[in-house]
Amino acid sequence: MEVEFQAYTNESQQQKFVLPVDSEHKATEFRLFSIAKPHMRAFHLSWVSFFSCFVSSFAAPPLIPIIRDNLNLTATDIGNAGVASVSGAVFARIAMGTACDLVGPRLASASLILLTAPAVYFTSIISSPTSFLLVRFFTGFSLATFVSTQFWMSSMFSAPVVGSANGFSGGWGNLGGGATQLIMPLVFSLIRDIGATKFTAWRIAFFIPAFFQMLTAFSILILGQDMPDGNFHRLKKTGEKSKDKFLRVLYHGITNYRGWILALTYGYCFGVELTIDNIIAEYFYDRFNLKLHTAGIIAASFGLANIFARPTGGLISDAMGKRFGMRGRLWALWLCQTLGGVFCIILGLVGSLTVSVVVMIIFSVFVQAACGMTFGVVPFVSRRSLGVISGMTGGGGNVGAVVTQLIFFKGSTFSKERGITLMGVMIIICTLPLFSIYFPQWGGMIFGPSSKKVSEEDYYLGEWNSKEKDKGSHHASLKFADNCRSERGRKVNNLTIPSDEVTSPNI
């Protein structure tokens, strides 16, 4: 039997939540199989909608052997379309982060999903390499819903469980990249068996992901809620949430160097995952002379690992945070992503089908767990500019995918196996900057907390000037700082560290 927990707003109005909550009304427990409103309902709406966008964005790769014959696509055409499918979301993710900060994740995500759904429908009528590239480009914009997913979870769940919430929502959403490797060949086969020719069947198949995508958008609008206490519009209207200024939110996001480092490292965990989603079915089909359906099943196993790999990364990040604080989260992320790079190198070197499949699965577990661990760190970089930081990091994932595909998988400069090996080397190198991330109140991978005894309040209130504090705009950041003391780790005294001056979060 679930117990209702009571909380109170500033107006002393009683609110009831099924899950226990902190002072911000964020859930302090994560119950995976609950649909309790608003916390767990937001979780399920976010991952299902993101899942649908992944299915749409990567619906083409498992059918490439058929599409390339129909449209006379060259290897360069396919490579360019693969790059286009992830490049559009680079700026879309940054814009999505800012939109979440200003209008909330509910409207931001639903609007983008509805705007990109027509591109999925239009895939059924394309007739040239150029039109193929364009529909993949515009469909790829929908991947920016990842940012709203992570923002939404960070707004609904408290510090001790936010890594788990982000890990499960992102991981189960990314699962769409693996599921579509199974879904699209199956739908194609069913339509062809009914009587359609193969060049007609693949076109009809795209109506399925397009309709699914639209359905999730309407579900978010009807059933979703931005924050534990309500939607952004109502909270701003009643004064429960301050109206922030776009330029100030953007400024505190882009001037925080930690966000840029996480964007780089995320480019070589999530970016690698996007790259693999684009190339892996064709790689196994061509290299080992497999049937289309068999290659799709093997390729799907990479993405399907998200059902447990990314969530496990979030759980490990939370566990390390509770035991060792933020320093534990950073060390876990570096180790996991580096091991992912090692197995990526091995994948490109082995020539046996069986060994390749085993190594690929191990590689997928590490690289996807690293994605979950990344967003176990992101919510603590900035309270005021959470959306911008999430957008920067998420955009970095797409930049990594674009750069990697342009260098290693566009045209015939490198064989695919050689490109995979070199991609593993880049993963290891681009993960090293994690050593330079430092939080003055908690420390970094090498050094401990600042000798100046900086507190959580100093760090997060540094994003607000004196005039804004006089208006009370900083109250949410003050509550967040108090709820983040767990990032000190168990060995550190949990008492508030007094401070006479506010220190900038960009120290």
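Tutor: Arg485 has a relative accessible area of 9% and is therefore buried, where buried means under 20% relative accessible area, exposed over 50% and partly exposed in between, computed with a 1.4 Å probe on protein chains only. The side chain of Arg485 meets that of Asp482 in a salt bridge, at 3.2 Å from N to O; the term denotes a side-chain nitrogen of Lys or Arg within 4 Å of a carboxyl oxygen of Asp or Glu. Asp482, in contrast, counts as partly exposed because its relative accessibility is 41%. Both residues belong to a network of salt bridges that also links Glu456, Glu457 and Arg488.

These values come from a predicted model, in which local features need pLDDT of at least 70 and side-chain atom pairs count only at pLDDT 80 or more, while totals for chains, interfaces and linings use all residues. Residues are numbered from 1 along each chain as its sequence is written, and side-chain values use heavy atoms, with hydrogens and water left out.

Across the whole structure, a search finds 13 salt bridges. Side chains of opposite charge can pair when their charged atoms come close. One of the salt bridges joins the side chains of Glu487 and Arg329, with 2.8 Å from N to O. This pair links distant parts of the chain, 158 residues apart: Arg329 is in helix H16 (residues 326–349), and Glu487 is in the segment after helix H22 (475–483). Helices (H or I, at least four residues) and strands (E, at least two) are DSSP runs, numbered from the N terminus. Arg329 and Glu487 are both buried.

A further salt bridge is formed by Glu468 and Arg384, whose closest N and O atoms are 2.8 Å apart. Glu468 counts as buried because its relative accessibility is 12%. Arg384 is likewise buried, because its relative accessibility is 6%.

Burial can also be followed at two backbone features. His25, in the loop between S2 and H1, has a positive phi of about 70° although it is not a glycine, and with a relative accessible area of 5% it is buried. Asn72, in the loop between helix H2 (64–71) and helix H3 (75–103), has a positive phi near 55°, yet Asn72 counts as exposed because its relative accessibility is 62%.
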